[in-house]
Amino acid sequence: MTCYDRRDLGLLLLRLGAGGVLAAHGAQKLFGWFGGHGLEGTGQFMESVGYAPGKASATAAGLAETGGGVLLALGLATPAAGAAAAGAMAGAAAVHVPNGFFAMSGGYEHAASLGLTAAGLAIAGPGRLSLDHALGHRVDRGWMVPAALGVTAAVTTIVVGLRNQRLRRREEGEQQALFDE
């Protein structure tokens, strides 16, 4: 086995592992599979942690995780797939940051690991054992990597920033009127 074969096999294993986990997490949100709560339950949770509207936030996160995960596993549109999954995981990590790093304490360790793996795959590419390679890299061009990651970073920054504003307003509470009318 040559060096290139080992690299391609390693990328395939990373894509299948991370893509499978991401797709399963997204399916929990979208369909209620694997013990998930579906769009209704996930939407209520999203609303409770500051992502509003909740159902739309659950749909966006579920699509990014499921779609990004399936596409990563297949090695198809790898820059966009990796960027979408990384963005979803950045949003998830923001929820868990107050709990510290380690997952056993409710921290962001798991989300960070998946997000960094997805971003790494977007940058490294899918390898030769992929649909991108089989299709001549039509949806895996070099310029797509910074474009996909840049757009995702901008959108994620806005979404997480708006969430943080909502949480601050919630903590501050509504200002009470000084006088009754």
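**Close-up views of a predicted all-helix chain**

**View 1. Contacts of Ala118.** Ala118 touches Leu22, Leu72, Gly82, Ala85 and Ala86, leaving aside residues up to four places away in sequence. The model shown here and in the other views is predicted. The largest nonpolar core has 15 residues. Ala118 is among those with the most contacts inside this core, together with Leu22, Leu72, Ala85 and Met89. Helix 1, helix 3, helix 4 and helix 5 each give two or more residues to this core. Helix 4 supplies the largest share, 6 residues. A second, separate core has 8 residues, including Met46, Ala61, Ala94 and Val95.

**View 2. The whole chain, for orientation.** The chain has 7 helices and 0 strands. From the N terminus on, its elements run α-α-α-α-α-α-α. The C-alpha trace spans about 80 × 35 × 30 Å along its principal axes. Of the 181 residues, 38% count as buried. Contacts between residues at least 6 apart in sequence are the basis of one further value: 67% of them join residues at least 24 apart.

**View 3. The largest pocket.** The largest pocket has a volume of about 1,000 Å³. It is lined by 41 residues, and Lys29, Met46, Ala61, Glu65 and Ala88 are the closest to its centre. The lining divides into 21 nonpolar, 16 polar and 4 charged residues. At least two lining residues come from each of helix 1 (3-31), helix 2 (38-48), helix 3 (54-74), helix 4 (78-96), helix 5 (109-124) and helix 7 (144-172). Two of the residues closest to the centre, Met46 and Ala61, also belong to the second core.

View 4. Helix 3 has 21 residues, which at 1.5 Å a residue should span 30 Å. The buried residues of helix 3 are Gly54, Ser57, Ala58, Ala61, Gly62, Ala64, Glu65, Thr66, Gly68, Gly69, Leu72 and Ala73. Just after the helix, Gly75 takes a positive phi of about 70°.

View 5. The peptide bond from Ala52 to Pro53 is cis, with omega near -5°. Pro53 is found in the loop between helix 2 and helix 3. Phe34 is in the loop between helix 1 and helix 2. Phe34 is not a glycine, but its phi is positive, about 55°. With a relative accessible area of 59%, Phe34 is exposed, because the cut-off for exposed is over 50%. Ala77 lies in the loop between helix 3 and helix 4. Ala77 also has a positive phi of about 55° without being a glycine. Its relative accessibility is 15%, so Ala77 counts as buried, the cut-off being under 20%.

**View 6. Asp8 in helix 1.** Asp8 is placed in helix 1. Its relative accessibility is 6%, so Asp8 counts as buried. Asp8 touches Gly127, Arg128 and Leu129, with residues up to four places away in sequence not counted.

View 7. Gly107 sits in the loop between helix 4 and helix 5. At 9% relative accessibility, Gly107 counts as buried. Gly107 touches His96, Asn99, Gly100, Phe101 and Phe102, with residues up to four places away in sequence not counted. Gly107 and Ala94 are 13 residues apart in sequence. In space, their C-alpha atoms are 9.6 Å apart. Ala94 is one of the residues of the second core.

**View 8. Helix 7 and its cover.** Helix 7 has 29 residues, which at 1.5 Å a residue should span 42 Å. Its end C-alpha atoms are 42 Å apart, which agrees. The buried residues of helix 7 are Met144, Val145, Ala148, Thr152, Thr156, Val160 and Arg163. Their cover includes helix 4 and helix 5. Helix 7 also supplies at least two residues of the lining of the largest pocket. Gly173 follows helix 7 and has a positive phi, near 75°.

Definitions and conventions:
Residues numbered from 1 in each chain as written. Predicted model: local features only at pLDDT ≥ 70, side-chain atom pairs only at ≥ 80, totals over all residues. Heavy atoms only, no water. 1 Å grid on protein atoms, 1.4 Å probe; cavity = no way out; pocket = protein on both sides within 12 Å on 5 of 7 lines; lining within 4 Å. Points joined across faces, edges and corners; volume = space filled by probe spheres on them. Helix = DSSP H or I, 4+ residues; strand = E, 2+ residues; numbered from the N terminus. Nonpolar A, V, L, I, M, F, W, Y, C, P; charged D, E, K, R; others polar. Expected span 1.5 Å × (residues − 1). Buried < 20%, exposed > 50% of the residue type's maximum accessible area, 1.4 Å probe, protein only. Core = buried A, V, L, I, M, F, W, Y, C linked by side-chain atoms within 4.5 Å. Contact = heavy atoms within 4.5 Å.
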